[in-house]
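Subject: That structure for you

Hi! Here is the structure I promised to pass on. Have a look at it first, and then read my notes below.

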Amino acid sequence: MVRRGPALLKLENMENQLIEIQDLQVGDEIMISCQSYFKYLKVLTPPALSKTKVHWSTKQPMYANVRCTAKQNVITNTYTWNGNSYTRTTKVWGVSPEDHNMRISQDLNERQIWLVKRETI
């Protein structure tokens, strides 16, 4: 795909800054905050307007969930208390571009999205 014009050229050089959901492209690596941790995501599908989701007050259409890959680590701890052994598993989001092991659908509406890396074709 050949990109020409100042507006498209500006979109190609948009790494390491906040962007809006409509500026996302397939292959972008982004970070979002989620509760008390960060998620490092790689976009698999372009954002599209939802056919059913609308904003609660303005009734404007909103974007559908974006399909992404992410890294999630499962940590298993074993404890011994009063002679009994207990096993607890905890799932932790990995903040790394390598070894993504799951595909998720993430709602990015009204989110602050940090573009880490843009994959150019």
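(Buried means under 20% relative accessible area, exposed means over 50%, and partly exposed is in between, using a 1.4 Å probe and protein chains only.)

Before going on, a word on the source. This is a predicted model, where local features need pLDDT of at least 70 and side-chain atom pairs count only at pLDDT 80 or more, while totals for chains, interfaces and linings use all residues. Residues are numbered from 1 along each chain as its sequence is written, and side-chain values use heavy atoms, with hydrogens and water left out.

Now the overall layout. The protein chain has 1 helix and 9 strands, and from the N terminus the order is α-β-β-β-β-β-β-β-β-β. (Helices are DSSP runs of H or I with at least four residues, strands are runs of E with at least two, and both are numbered from the N terminus.) Of the 121 residues in the chain, 30% are buried.

Back to Asp 28, which you'll find in the loop between β1 (17–19) and β2 (29–34). Its side chain makes a polar contact of 2.8 Å with the side chain of Arg 118. (A polar contact is a pair of N or O atoms within 3.5 Å; within protein, one must be able to donate a hydrogen and the other to accept it, and residues adjacent in sequence count only if both atoms are side-chain atoms.) Setting aside neighbours within four places in sequence, Asp 28 is also in contact (heavy atoms within 4.5 Å) with residues including Asp 23, Leu 41 and Lys 117.

Next, the inside. The largest nonpolar core holds 16 residues, and Ile 21, Leu 24, Ile 30, Leu 41, Leu 108 and Ile 113 have the most contacts within it. β2, β3 (37–43), β6 and β9 (113–117) each supply at least two residues of this core, with the largest share, 3 residues, coming from β6. (A nonpolar core is a set of buried Ala, Val, Leu, Ile, Met, Phe, Trp, Tyr and Cys residues joined through side-chain atoms within 4.5 Å.) Leaving out neighbours within four places in sequence, Ile 30 touches Leu 24, Leu 41, Leu 108 and Ile 113, among others.

One last stop: Tyr 79 lies in strand β6 (residues 66–81) and counts as partly exposed, because its relative accessibility is 45%.

Cheers!
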